[in-house]
Amino acid sequence: MHTVAQILIGLVAALHVYFMVLEMFLWQRPPGRALSGFDADTARLTAPLAANQGLYNGFLAAGLVWSLVIDSLATQVFFLVCVVVAGIYGAATANRRILVAQALPGALALGAALLAA
């Protein structure tokens with residue numbers, strides 16, 4: 001189960017790197033606009049906000065990778081709980097798809113990490 005947990009945590013980290021790239025670098029291009037559903041003008045106006053959000057996703061990814069490197073359950077739990085809370089908040093305030101795209105993978109990885117302990 002430890003290996004499954006490690007793989008799931010790695011996948012959640014990779015997912016957050018993907019979110020970071022979309023929000024920080026591709027927000028005004030087709031992949032970012034497809035994600036947000038914004039037209040070119042709205043994407044341009046919201047790009048600084050998206051970049052800030054992307055930076056936070058990058059921090060989550062970095063924390064998850066760090067938790068794997070040091071093999072610390074407490075650090076894994078902390079960052080996975082942050083992912084789940086961010087996903088729930090995003091689903092409640094922005095778009096319900098965030099619950100499936102962010103909170104669910106984080107919750108699955110969290111469950112696996114706790115079961116492996």
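Biologist: Let's start with helix α3: at which residue does it bend?
Modeller: Happy to, and please keep in mind that this is a predicted model. Helix α3 covers residues 40–69, and its bend is about 55°. A proline, Pro 48, follows within four residues of the bend, which sits at Ala 47.

Biologist: Which helices do the buried residues of α3 pack against?
Modeller: The buried residues of α3 include Ala 43, Ala 47, Gly 54, Asn 57, Leu 60 and Ser 67. The partners of these buried residues are α1, α2 (30–36), α4 (73–93) and α5.

Biologist: Let's take those partners in turn. Are α1 and α3 roughly parallel or roughly antiparallel?
Modeller: The axes of α1 and α3 come within 8 Å and cross at roughly 160°. An angle over 145 degrees counts as roughly antiparallel. That makes the arrangement of α1 and α3 roughly antiparallel.

Biologist: Is the crossing of α1 and α3 left-handed or right-handed, and how many charged residues does their contact have?
Modeller: The α1 and α3 crossing is left-handed. By class, their contact holds 15 nonpolar and 8 polar residues, and the number of charged residues is 1.

Biologist: And α4: how are α3 and α4 oriented to each other, roughly parallel or roughly antiparallel?
Modeller: The α3 and α4 axes come within 8 Å, crossing at roughly 155°. The crossing is left-handed. With that angle, α3 and α4 are therefore roughly antiparallel.

Biologist: Which residues of α4 make the contact with α3, and how many residues of that contact are charged?
Modeller: From α3 come Phe 59, Leu 60, Gly 63, Leu 64, Trp 66, Ser 67 and Leu 68, and from α4 come Thr 75, Gln 76, Phe 79, Leu 80, Cys 82 and Val 83. The residues of this contact divide into 9 nonpolar and 4 polar, and as for charged ones, there are no charged residues.

Biologist: Now for α1 and α5: what is the angle at which they pack?
Modeller: Helix α1 spans residues 2–25 and helix α5 spans residues 97–116, with axes 8 Å apart. The two are roughly antiparallel, and α1 passes α5 in a left-handed crossing. Their packing angle is about 155°.

Biologist: Which residues of α5 does α1 meet, and how many nonpolar residues are in the contact?
Modeller: On the α1 side are His 2, Ala 5, Leu 8, Ile 9, Val 12, Leu 15, His 16 and Phe 19, and on the α5 side are Ala 101, Gln 102, Pro 105, Gly 106, Leu 108, Ala 109, Ala 112, Ala 113 and Ala 116. By class, the contact has no charged residues and 4 polar ones, and its nonpolar count is 13.

Biologist: Some single residues next. Why does Asn 57 count as buried?
Modeller: Asn 57 lies in helix α3. Beyond its neighbours within four places in sequence, Asn 57 is in contact with His 16, Phe 19, Met 20, Glu 23 and Gln 102. Buried means under 20% relative accessible area. Asn 57 counts as buried because its relative accessibility is 7%.

Biologist: Is Glu 23 buried or exposed?
Modeller: Glu 23 belongs to helix α1. Setting aside residues up to four places away in sequence, Glu 23 touches Ala 50, Ala 51, Gln 53, Gly 54 and Asn 57. At 6% relative accessibility, Glu 23 is buried.

Biologist: How far apart in space are Gln 102 and Val 83, C-alpha to C-alpha?
Modeller: Gln 102 is in helix α5 and is buried, at 8% relative accessibility. Among the residues Gln 102 touches, leaving out those up to four places away in sequence, are His 16, Asn 57 and Val 83. Gln 102 and Val 83 are 19 residues apart in sequence, and their C-alpha distance is 6.8 Å.

Biologist: Is Thr 3 buried or exposed?
Modeller: Thr 3 lies in helix α1. Its C-alpha is 9.3 Å from that of Ala 112, which is 109 residues away in sequence. With a relative accessible area of 54%, Thr 3 is exposed.

Biologist: One last point: what is the phi of Asp 71?
Modeller: Asp 71 lies in the loop between α3 and α4, and at 47% relative accessibility Asp 71 counts as partly exposed. Most residues other than glycine have a negative phi. Asp 71 is not a glycine, yet its phi is positive, at about 50°.

Key:
Residues numbered from 1 in each chain as written. Predicted model: local features only at pLDDT ≥ 70, side-chain atom pairs only at ≥ 80, totals over all residues. Heavy atoms only, no water. Axes fitted to C-alpha atoms, helices over the stretch in contact; angles between N-to-C directions. Parallel < 35°, antiparallel > 145°, perpendicular 65-115°, else oblique. Left-handed = near helix turned anticlockwise from the far one by under 90°. Contact = heavy atoms within 4.5 Å. Nonpolar A, V, L, I, M, F, W, Y, C, P; charged D, E, K, R; others polar. Bend = angle between axes of the 7 residues up to and from the residue. Buried < 20%, exposed > 50% of the residue type's maximum accessible area, 1.4 Å probe, protein only.
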